[in-house]
Amino acid sequence: MSLLKTETMVINMGPQHPSTHGVLRFILTTDGEVIHSAIPDIGYLHRGMEKIAEQITYHQFMPYTDRIDYLASMNCNWGYALTVERLMGIEVPRRAEFIRVLVGELNRIASHLIAVGAMGSDLGAFTPFLHAIREREWINDIMEMVCGVRLTFNYMRIGGVSYDLPEGFMQNLTEFLDYFEPKVKQFNDLLSYNKIFVERTSGVVPIPAEKAIGFSLAGPNLRASGVQWDLRRDDPYSVYRELEFEVPVGKGEYGETGDCLERYMIRINEMVESIGIIRQCIRMMPDGERIAKVPRVLKPPAGEIYARTEAPRGELGFYLISDGSQKPYRLKIRTGSFTAMSIIPDVAQGCLIADLVALIGSLDLIAPEIDR
Amino acid sequence: MKEFADIIRNALPVFKSIPDALYYGIWMLLVAGALLGVVSVIAGITSWVERRVAGRMMSRFGPNRVGPQGSLQWIADGIKCLLKEDLIPALADKPLFRLAPYIVFAGMFATWVVFPFSKKIIVADLNIGILYVLAVSSLVVIGILMAGWASNNKWSLLGAMRAVAQIVSYEVPSVLAVLSVVLVSGTLSMQGIVEHQRGGSGVLRWNIFHDPFLFIAFFVFFIAQIAEGNRTPFDLPEAESELVAGYSTEYSGMRFVMFYFAEWANLFVIGAVSSTLFFGGWEGPFIAGIHWFILKSCFFVFLLMWIRWTLPRLRVDQLMTLSWKYLTPFAFVCLVGAAAWILFLPDRYFMGMLK
Amino acid sequence: MAQSGFINYFRNIYEAAVSIAKGMRITLKTFFSKPVTVQYPEENPAFTAEEFSRLYSGPLKPLSGRYRGFLTVQMDICTACEACARACPIACIAIEHVKGERTKVKSRLDAKETPKLRYATKFDIDIGKCMYCGLCVEPCPTGAIYFTRTFEGASYDPGELILHFVNEEEANRLKEIARKLEEDTKKADDKGAM
């Protein structure tokens with residue numbers, strides 16, 4: 001056997017490849033199909049967002065937060081607004097809080113639709129992706145009704161939201177929710193319970209709970225590994241204390257705890273939970289102001305603060321240092337996809353290239369969050 | 001087609017003065033050219049149908065701007081590909097690189113010779129019909145391996161090797177299932193197999209209803225043929241949305257289109273062979289003829305597209321497991337079972353209930 | 001163990017067949033239902049709701065009332081306060097102003113009246129740079145700058161993407177008025193001094 005010389009191949013899974021996760025690059029060292037090492041190379045979408053934050057005022061940075069994670073714009077806006085409000089001690093009116101929860105959860109549904117659809121499309125099932133996008137188009141229409149654009153909303157302001165809900169919004173939203181609930185079941189029949197899909201993802205790269213915590217995974221990735229941690233329940237912000245909802249946690253019912261299928265099913269279950277939360281918000285929506293009285297020129301007191309929210313892709317944290325002037329001294333953004341990307345070199349050893357694709361799809365990476 | 005050649009020769013005495021070899025040689029070239037035209041048009045139209053079907057299954061239209069309902073889209077795409085630059089990588093093995101797409105196309109094209117379109121329309125009724133089809137369609141393996149090797153690209157080589165493993169493994173259950181049909185029909189010739197299914201008011205004598213073993217053999221054969229044709233759920237070698245385009249990565253322009261021409265025309269081949277072997281060929285209720293053959297083949301083409309746009313793809317080791325652990329044992333069981341059936345219940349059809 | 005392996009084998013086949021059949025039924029149902037595509041440019045979302053619903057029957061809606069298309073400015077009620085230029089995060093609005101006659105202008109959105117002392121002689125918005133965030137629309141005291149429903153603006157020349165809202169002769173006229181006003185005030189000052 002020593003006469004047979006085998007070499008490992010170095011393959012570049014380059015920044016241009018037909019995947020829907022953005023510009024990611026991996027340098028794989030493989031022995032045939034089995035991967036020995038997978039080193040990520042990031043920075044292809046770096047736009048210097050944190051540096052830009054030091055040049056413009058607090059109000060002006062809000063559109064930039066849209067572009068941290070463009071599929072979950074509302075949640076990114078919310079995280080930033082929350083940080084500045086906490087630093088300044090601004091109290092947001094109750095109606096604005098409920099509107100924020102409503103659009104935040106709606107955006108969570110939209111983001112998870114893309115996540116599960118993209119995972120299916122990576123594995124070769126192109127139709128469920130298009131079906132997911134078809135449902136998401138209605139959500140885009142609802143968002144357009146509220147704030148005027150379909151993707152990078154720039155809807156929240158420091159102290160509240162920028163527009164109040166228009167006429168006919170609640171009716172449109174209720175119609176959508178009634179239409180969407182049976183569609184989740186249809187999507188499950190098409191993709192989630194399909195034997196081929198289950199074979200491709202069940203038992204593939206299980207991430208144990210200690211490793212997930214050690215690598216600072218957050219969001220659905222962490223909960224799939226069996227860790228009970230959801231910021232909406234355990235470190236509540238806004239009006240989540242008053243809302244009732246379940247938090248899906250992985251129990252290993254579809255394979256092993258923390259495998260790709262578990263992460264996928266957690267997202268499907270979270271979509272169903274979000275529908276429940278939105279219905280509660282519609283019922284409990286109070287009257288009131290849409291924005292608190294915030295000075296046009298914001299000068300927060302000097303100090304630092306770290307505030308975190310539960311974005312669809314994990315924990316979105318903003319660390320803000322203010323020196324008392326109009327512009328931040330330093331703004332650091334902590335995103336969920338960055339830590340999810342950092343776990344890949346550790347867990348990808350020994351799996352096949354096809355499994356790596358399933359892993360990347362199930363971790364729900366998105367390049368702008370990694371590079372900011 | 002030889003009868004037509006003889007009829008024309010007898011009718012026009014001027015042709016009798018041409019020596020035999022020259023006359024039949026020119027006739028063969030003409031028929032081959034006509035068949036090439038037919039195959040190309042079928043491949044182009046299949047590409048248009050595939051895009052429309054895929055679109056409708058995804059709640060969108062397919063191409064509907066070029067020509068009525070987009071039916072000239074494939075001509076526009078073909079012209080565009082002809083006008084593209086012919087890129088050959090610098091370190092590629094040039095003769096092999098140039099030859100590979102044509103071998104893949106030839107391997108698929110040569111199977112059209114024995115298709116029984118109707119009682120009279122068949123290019124050559126070889127008495128080893130179905131054996132010839134299985135043998136010649138394996139030529140694509142050589143073409144794919146040449147394409148992968150000559151591209152001088154690690155991705156292509158990976159894709160090509162996967163493709164070879166896949167096609168060679170799925171030949172086994174495919175051939176065994178065909179053998180069951182040959183046992184029951186008693187002949188290898190394609191027209192002979194169709195003749196064996198004649199009568200019974202056009203439907204009851206079909207091979208698929210002959211006995212339960214042939215019923216299972218049809219599904220084994222169909223799944224194996226999907227894998228031979230590199231279609232989802234078995235399209236690891238080519239449409240890897242994981243990596244790039246597999247063995248055809250380095251190809252551009254018309255050479256690239258050749259691979260896909262072969263794939264689309266292969267859809268019709270799978271339909272034709274399945275309908276001949278199991279569904280009665282050109283036989284059908286009321287009037288038998290070429291229309292039943294075309295209809296059945298088109299139904300199978302639609303079925304293949306339907307399967308493609310629903311299912312995700314299998315991983316390479318799952319693919320191998322499916323072939324060796326699931327399909328091959330079932331194919332053996334079908335072969336032995338069909339042999340036992342015709343031994344104990346000869347001259348019966350429709351699950352042994354009718355004589 | 002061998003027994004359970006045997007049962008597993010057939011259960012795998014059964015599960016595969018059932019789940020694939022379910023999936024294929026859904027695709028077939030979608031195949032026979034109406035596509036949801038909006039066939040632009042015949043069915044343009046920029047049409048009004050009645051016209052759009054005449055041409056397109058599906059779940060998608062045309063552009064909403066708050067849609068953020070290209071920006072436009074109503075120069076007669078613009079007070080050249082430059083609040084929009086200061087609010088823009090990427091500095092794509094360029095304004096120059098001169099003094100002029102004091103008037104009152106009515107806001108576009110409500111019944112407020114704002115005094116107008118300054119007149120803009122240059123009001124350029126670079127639509128190619130603009131990110132349609134809306135931070136300029138909010139601080140405008142009269143609602144002069146607002147979003148339209150135009151979104152089709154592709155052009156061959158990036159220079160065409162800079163919208164000029166004050167043309168040259170208007171700018172010259174305003175500069176002329178401003179110059180005259182300054183002369184008059186100087187004369188009045190000189191007279192007063194004497």
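Modeller: A salt bridge is counted here when a side-chain nitrogen of Lys or Arg lies within 4 Å of a carboxyl oxygen of Asp or Glu. By that rule the structure, which is a predicted model, holds 47 salt bridges over all chains. One of them is formed by the side chains of A:R372 and A:E50, with 3.0 Å from N to O. A:E50 belongs to helix α1 (residues 49-53) of chain A and A:R372 to the segment after α14 of chain A, so this pair ties together parts that are 322 residues apart in sequence.

We may now turn to the sheet of chain A. Three strands make up an open sheet in the order β1-β2-β3, and their pairing is antiparallel. From one strand to the next, the twist averages 20 degrees. Strand β2 (residues 25-31) of chain A is joined to β3(A) by seven bridges, and the two run antiparallel. As an example of facing residues, A:L28 stands opposite A:A38 in β3(A). In a regular strand, side chains alternate between the two faces of the sheet. Between β2(A) and β3(A) there are two residues, and the two strands form a hairpin. In its turn, A:G32 has a positive phi of about 75 degrees.

Backbone geometry deserves a further remark. Most residues other than glycine have a negative phi, and most peptide bonds are trans. A:D364 is not a glycine, yet has a positive phi of about 55 degrees. This residue is found in the loop between α13 (353-363) and α14 (367-371) of chain A. In chain C, a cis peptide bond joins C:Y40 and C:P41, with omega about 0 degrees. C:P41 is found in the loop between α1 (2-32) and α2 (49-55) of chain C.

The next subject is the contact of chain A with chain C. Chain A contributes 36 residues to this contact and chain C contributes 31 residues. The size of an interface is often given as the accessible area lost when the parts come together. Between chain A and chain C the buried area is about 2700 Å², of which 54% is given by carbon and sulfur atoms. On the side of chain A, the residues that lose the most area to chain C are A:Q60, A:E144 and A:K195, which together account for 20% of what that side buries.

Two salt bridges are counted between chain A and chain C. In one salt bridge, the side chains of C:E138 and A:R157 meet at 2.5 Å, N to O. Across this interface of chain A and chain C there are also 15 residue pairs in polar contact, with both residues at pLDDT 80 or more. Which elements of chain A each supply at least two residues of the side that touches chain C? They are α2 (62-66), α5 (126-147), α6 (169-192) and α7 (195-201) of chain A. The largest share, ten residues, comes from α5(A). By class, this side of chain A has 15 nonpolar, eleven polar and ten charged residues.

Finally, chain A also touches chain B. Here 31 residues of chain A are in contact with 24 residues of chain B. About 2500 Å² is buried between chain B and chain A, with 61% of it on carbon and sulfur atoms. The rule finds one salt bridge across the interface of chain B and chain A. The side chains of A:D355 and B:R315 meet in a salt bridge at 2.7 Å, N to O. Seven residue pairs are in polar contact between chain B and chain A, both residues being at pLDDT 80 or more. On the side of chain B that touches chain A, α7 (154-185) and α12 (316-344) of chain B are the elements that give two or more residues. The largest share of that side, four residues, comes from α7(B). The residues of this side of chain B divide into eleven nonpolar, five polar and eight charged.

Notes. Residues are numbered from 1 along each chain as its sequence is written. Chains are lettered from A and ligands numbered from 1 in the order in which they are written. This is a predicted model: local features need pLDDT of at least 70, side-chain atom pairs count only at pLDDT 80 or more; totals for chains, interfaces and linings use all residues. Side-chain values use heavy atoms; hydrogens and water are left out. Two strands pair if DSSP finds at least two bridges between them. Axes are lines fitted to C-alpha atoms, for helices over the stretch in contact, and angles run from 0 to 180 degrees between N-to-C directions. Contact means heavy atoms within 4.5 Å. Buried area is the accessible area (1.4 Å probe) that two parts lose on being put together, summed over both. A polar contact is a pair of N or O atoms within 3.5 Å; within protein, one must be able to donate a hydrogen and the other to accept it, and residues adjacent in sequence count only if both atoms are side-chain atoms. Ala, Val, Leu, Ile, Met, Phe, Trp, Tyr, Cys and Pro count as nonpolar, Asp, Glu, Lys and Arg as charged, and the others, Gly among them, as polar.
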